[in-house]
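Dear colleague,

Please find below the structure I promised to pass on to you.

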Amino acid sequence: MKKTVESNDATSEKGRRDFLKKAWKILGVVAAAEFVFFFISLLKPSKELKKSNPGSTIRIIGNIEDFLPGTVTPDRINKLYILRDSKGGFLALSLICPHLGCSVLWDETRKQFDCPCHSSAFDRYGVVLSSPAPRPLDYYPVILEEGKVKVDLSQKAKRRKFETSQLTYAI
Amino acid sequence: MEQNLTTEKQIANPFSLILHLHPRKVRKSALRFNLTFGLGGMAALLVVLQVVTGLLLKFHYEPSPENAYNSILNLQESLFFGRVLRNIHHWSAIALVWIAFLHMLRVIFTGAYRKPRHASWIFGLVLLILVVLSNFTGYLLPWDQLSYWAVTVSTSLLTYVPIAGEFIRETLLGGKEVGQPTLTNFFNLHTGVLPLLMIIIMGYHFWRIRKAGGVIVAEKDRDSPMVDTDPHLLNREFVVAMVLLASLSLLSSLLDAPLRERANPSFSPNPAKAPWYFMGLQELLIHFHPFFAIVGFPVTVLAAACWLPYIKLEDRNQGIWFLSDKGKRSAKLALASGIFLTVLFIGLSELLPDPELLLPFVPSLVTKGFIPFAILSVTLWFFLKQIQKKLSLNRSEIIQSVIILMIVSYTVLTLTGIFFRGEGMNLMWPWKV
């Protein structure tokens, strides 16, 4: 840029220009930050959440009497396992391995869940038997209503350990 | 004056716009094939090839979980040359990752990252990341078992980033799991955002190379005569381009791009592996606490790579492969030691009992994090001290040895992950995987 003003107030003129230059730079950074924020919000999950109306996340898995005590039943559509332990308590376990997201498989003979990806193993309550899985399988609270076993898919919960309060009993 | 003489020739040439990417004259010594192996040019050509084949594929591909897989089947089975088109796009994508990586090695080992080429180096790193991201986003699109689980596994790696990990993963996937929003995101990144960014940054990358006076040459070759780009450089580029295109066509007519069964979110294949260029990370994750494997090492390496051109170096051996005779000897030593140490490390980590089970009361960040990291650092430090004493290396040669050690160990980890990990990610011979 050519300097046009060479008078006594050159210094104040310079100060004004420096200020304006700096202001433009700051505005540029702000605009870029806004754009990045906007871009990230476009990628974010909201687009799938809007589709489903509230309440539709509750799924009926089956009749209570179909689940015998001491069994593990897979529900591949909702990506979970229904455990009914020997005392009759219900627990819904996510089949997604907390290590790297593979699907765990129930081994009926050894009574444990195995992850095919990195050979993590979990007991019937989803508690880690062998690493690298960093925490137990996530679970959903089971709702027992009108003789049906229901699971609210929006209530998936992480946990550090298994507690009996996670089980639901039929009255 | 001289420029006026060539104007007529340039107007007559219909490709004169493309010629503008080149200087009018180049140094004769810069034309030597084994100085650069034409790798940068090959990478640029592959990007163009990917854009062309990608644009064609877009006419037949449908980015939805219901139809994506079928649209690929349809493309392969009923479209004239559809299978070959997909094969070319697939093999060129892999070739691009390889060639961009080799190009980076060339730049490192001829010292071309130093000033005044530092901007080209930094933007070259950005391009390499964009190449890998393009490859990764494209990996999901066929929506088969391979792509679905590879993307599930490698985006799950992100959840181990402290604080922001979950947020980054959900932003990328557009939800908690791989699904329609993921496919929409990946498709748009793959076919719009990433190629556009890449082409813009490529322009800048090239421009900075020209500003730095073209391809690096050794000091003794700097006063070699200048020759006309057309035909001296162009003919060479043409030959390289034709050989590359012919090899890719041949490969694509003989070998089909893999396509497994349609993606099934409730059954993981055993073993489920990340795309091959992330296998080194997945292998690292078997041996290290996630924080070290996913955050610690990659961030350190990236930061070191960005810092590299700003290190003060006294020697003037740029443009010479491996700097000097001492440099060559130390490079070989670093190569051999890197292979030996990494194999030893993997072997020990397999044979020794799991430290987490041995010391269950100590957090795994210590047993699988700080302790192996400390052992690794001490080994590295000891090795560097040794070769420095033996060969009396200067700073550039030491840096070169460190880089070779890192690259070699990542390569060994990657090869182990790809070829020696079978069912349940257990170590086994390649023919049993």
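**Domains of chain A**

The C-alpha centres of domain 1 of chain A and domain 2 of chain A lie 50 Å apart. Please bear in mind that this is a predicted model. According to the domain assignment of chain A, domain 1 covers residues 10-47 and domain 2 covers residues 58-169.

**A sheet in chain A**

Chain A also contains an open sheet of three strands, with antiparallel pairing and the order E1-E11-E10. Strand E1 (58-63) and strand E10 (142-145) of chain A are its edge strands, each pairing on one side only. On average, neighbouring strands of this sheet are turned by 30° against each other, direction ignored. Between E1(A) and strand E11 (residues 148-152) of chain A, the antiparallel pairing runs over five bridges. Within E11(A), Asp152(A) is the bridge partner of Ile58(A).

**A helix in chain B**

Which residues of H4(B) are buried? They are Gly40(B), Met42(B), Ala43(B), Ala44(B), Leu45(B), Leu46(B), Val47(B), Leu49(B), Gln50(B), Thr53(B) and Leu57(B).

Yours sincerely

Note on methods
Residues numbered from 1 in each chain as written. Chains lettered and ligands numbered in written order. Predicted model: local features only at pLDDT ≥ 70, side-chain atom pairs only at ≥ 80, totals over all residues. Domains from an automatic or database assignment. Pairing = 2+ DSSP bridges. Helix = DSSP H or I, 4+ residues; strand = E, 2+ residues; numbered from the N terminus. Axes fitted to C-alpha atoms, helices over the stretch in contact; angles between N-to-C directions. Buried ≥ 20, exposed ≤ 12 C-beta atoms within 10 Å, placed from the backbone.
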